[in-house]
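Thank you all for coming; I would like to take a few minutes to go through one model with you, and I will ask you to keep the structure in view while I talk.

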Amino acid sequence: MPILSDNMRGAFLMMGAMGAYTVNDAFMKIVAADLPLFQAIMLRGIGAVICLVLLCRLMGQFRFDLPRRDWWWIALRSACEMAGTYFFITALLHMPIANISAIMQVLPLSVALAAAFFLREPLGWRRLTAIFVGFVGVLLIIQPGGAAFNSFSIYALITVACITLRDLTVRRMSPDVPPLLVALAAAVWVAILGVFGAVATTWEPMTVTAGLQLAGATLFLIVGYIFSVMAMQRGEISFIAPFRYTSLLVALVLGVVIFGEWPDTLTLIGAGIVVATGLFTLYREAQLRTHAH
């Protein structure tokens, strides 16, 4: 059985992270019909913190002997996670979801370009072309337009900046920084955001069904946290970037299965382009490894 390269591992981890985050979003969308958003975020955050603390202890990933430099990067990443969550939620509440989704799909480009500029990572024309082609597929899926972008589009752009910086910080950490510890720090900061938001919210009683849905959201959020950190610790960012589009594909499937939202022809064409982009990127990596050996 062939050994996967760091790029391949990073790609699969990124696909897992994006899929997990999207399933978490689906759970939260369902829960939001019965519970105030910040109440749900706070409860989900507390659950995530408790689970990650237990996982850290079980896996021996509580490390308090890390260099001060690493703690600063962990703190910066966590602050970006919290800020990104706040700006995303605020924008989502004040603008059409199609418009904010269109803006968020700039992420693969922004992360890859930022890595090339700040981290001096290579960004060849093939990888850049794959990212752009994938972005065209995403536009076909989202089909933005209709409602005009409003002033809260700036909040969405700030979210993109926060997530871009968040992911770059991982590459500045020492290789032996435990991913569970990094995920725990992010979960704590987002839970604190939920607490502050929930204070100004009128709470609603929670049913057993809503509790189970929140538990599902918590589970997939934890997987997303851990996999996203591990993905950024492996491989080249420009290679991993196109696989962020996985979130749109998972959202399409969930839309059909859970919400009964059947895709039109343009959406299916866009999904095909995104899948083809990912397959080409993996094929190209496999070719390079074969030639290297």
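**Cysteines, a helix and the cores**

Let me begin with C80, which is buried, its relative accessible area being 7%. Please bear in mind throughout that what we are looking at is a predicted model.

C80 belongs to helix α3, and the buried residues of that helix also include D70, I74, R77 and S78, together with E81, G84, T85, I89, T90 and A91. The helix itself runs over residues 68-94, which is 27 residues, and from its first C-alpha to its last it reaches 39 Å, close to the 39 Å expected at 1.5 Å a residue.

Now, how many disulfides does a search of the whole structure find? The search finds zero. C51, to take one cysteine, is in no disulfide, and the nearest cysteine sulfur, which belongs to C56, is 11 Å away. C80 is likewise in no disulfide, the nearest cysteine sulfur in its case being that of C162, at 5.7 Å.

I turn next to the nonpolar cores, the largest of which has 59 residues, and within it M14, L52, I74 and Y225 are the ones that touch the most other members. If we leave aside the neighbours within four places in sequence, M14 is in contact with A231, M232, I240, F243 and R244.

Notes:
Residues numbered from 1 in each chain as written. Predicted model: local features only at pLDDT ≥ 70, side-chain atom pairs only at ≥ 80, totals over all residues. Heavy atoms only, no water. Helix = DSSP H or I, 4+ residues; strand = E, 2+ residues; numbered from the N terminus. Expected span 1.5 Å × (residues − 1). Buried < 20%, exposed > 50% of the residue type's maximum accessible area, 1.4 Å probe, protein only. Disulfide = S-S within 2.5 Å. Core = buried A, V, L, I, M, F, W, Y, C linked by side-chain atoms within 4.5 Å. Contact = heavy atoms within 4.5 Å.
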